[in-house]
Amino acid sequence: MITFEDITKTYPDGTTAVDRFNLTVEKGEFMTLIGPSGCGKTTTMKMINRLIDPSAGTIYIDDKPVSEYSIHELRWNIGYVLQQIALFPHLTVQENIQVVPDLLKWKKSKMQKRTDELLDMVGLDPSIFKKRYPGELSGGQQQRIGVIRALAADPDIVLMDEPFSALDPLSREQLQIDINKLQTEIKKTIVFVTHDMDEALKMSDRICLMKEGSVVQCGSPEQLMKHP
Ligand code: ADP
Ligand code: ADP
């Protein structure tokens, strides 16, 4: 469970990106933050794993303030899928997927098994794709690797910041299906950021609309369709 308690973030130049933001994301929930560019979605996400810290307020994970976790605990137990595809170009697909499991000192055999399983989950044949470098993959394939890399060490929480922004409509739709399948199979807590309402309605358990740094409305897709 993630709880934002009165979170405000003002950047050094005086921009208040997040303004008295309150929200609880339940365990196993697929929660989407939606809103126009600049409304504070990315800033909100980055405060969960302490890529940045709030100026005021407290964020809790399972009732413990994030400031009381070590940075390693946060980075290793929270998967993060970035807007820009950020695979390491000099590492193979397999090595990219195994970055965090390797840091966690997983056994080779366990990492191999996990890598194969994840590639299968997103429809990429391990025997073909494991040894490839990111430069030898299409944009959609790279983004898929970005998603499964965030899941590799089986984190409880996965943050996804517009993971489809670089994709063509077909790859986008396929990856939406893949992620929803993953969500039902493994019940992660997912915080998803998009500015695409159709995408939010299709994928989420709950959608929260942000405007100028605060939440203005939250509801299930059904509720939001009834009272837009
Ligand atoms: P979104 O993800 O919804 O597009 P962001 O969280 O990226 O919104 O940005 C929210 C606001 O904070 C915007 O006005 C943006 O220009 C500003 N902002 C983001 N990062 C910084 C920064 N490092 N320094 C100053 N202002 C920033
Ligand atoms: P840095 O030292 O650059 O702040 P980290 O030590 O947090 O980065 O992680 C090293 C790299 O491993 C990151 O650049 C990121 O791409 C990747 N990484 C970190 N955490 C995760 C995660 N939970 N899932 C997948 N990849 C991760």
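In this predicted model, the axes of helix 5 (residues 108–121) and helix 7 come within 10 Å of each other and cross at roughly 135 degrees. Helix 5 is therefore oblique to helix 7. Helix 7 (residues 139–151) also packs with helix 8 (residues 169–186), at an angle of about 15 degrees. Two ligands are described as well: ligand 1 has residues including Y11 and K41 around it, while R75 and R149 are among those around ligand 2.

**Helix 5 with helix 7**

- The crossing in which helix 5 passes helix 7 is right-handed.
- Helix 5 contributes R114, L118 and L119 to the contact, and helix 7 contributes I145, I148 and L151.
- Sorted by class, the residues of this contact between helix 5 and helix 7 comprise five nonpolar and one charged, with no polar residues.

**Helix 7 with helix 8**

- The axes of helix 7 and helix 8 lie 10 Å apart.
- Since angles under 35 degrees count as roughly parallel, the angle of about 15 degrees means that helix 7 and helix 8 are roughly parallel to each other.
- Helix 7 and helix 8 cross in a right-handed sense.
- On the helix 7 side, the contact is formed by G140, Q143, R144, V147 and L151.
- On the helix 8 side, the contact is formed by S171, Q174, L175, D178, I179 and L182.
- The contact of helix 7 with helix 8 consists of five nonpolar, four polar and two charged residues.
- L151 of helix 7 takes part in the contact with helix 8 and also in the contact with helix 5.

**Surroundings of ligand 1**

- The residues surrounding ligand 1 are Y11, D13, T15, A17, P36, S37, G38, C39, G40, K41, T42 and T43.
- G38 places a backbone N or O atom 2.7 Å from an oxygen atom of ligand 1.
- For C39, a backbone N or O atom is found 3.2 Å from an oxygen atom of ligand 1.
- T42 approaches ligand 1 through its side chain, with a polar side-chain atom 2.8 Å from an oxygen atom of the ligand.

**Surroundings of ligand 2**

- Around ligand 2 are R75, I78, G79, F88, V99, V100, R149 and A150.
- A nitrogen atom of ligand 2 is 2.8 Å from a backbone N or O atom of R75.
- I78 has a polar backbone atom 2.9 Å from a nitrogen atom of ligand 2.

How values were computed: Residues are numbered from 1 along each chain as its sequence is written. Chains are lettered from A and ligands numbered from 1 in the order in which they are written. This is a predicted model: local features need pLDDT of at least 70, side-chain atom pairs count only at pLDDT 80 or more; totals for chains, interfaces and linings use all residues. Side-chain values use heavy atoms; hydrogens and water are left out. Axes are lines fitted to C-alpha atoms, for helices over the stretch in contact, and angles run from 0 to 180 degrees between N-to-C directions. Helices (H or I, at least four residues) and strands (E, at least two) are DSSP runs, numbered from the N terminus. Angles under 35 degrees count as roughly parallel, over 145 as roughly antiparallel, 65 to 115 as roughly perpendicular and the rest as oblique. A crossing is left-handed if the near helix is turned anticlockwise from the far one by less than a right angle, and right-handed if clockwise. Contact means heavy atoms within 4.5 Å. Ala, Val, Leu, Ile, Met, Phe, Trp, Tyr, Cys and Pro count as nonpolar, Asp, Glu, Lys and Arg as charged, and the others, Gly among them, as polar. A residue is near a molecule or strand if one of its heavy atoms lies within 4 Å of it. A polar contact is a pair of N or O atoms within 3.5 Å; within protein, one must be able to donate a hydrogen and the other to accept it, and residues adjacent in sequence count only if both atoms are side-chain atoms.
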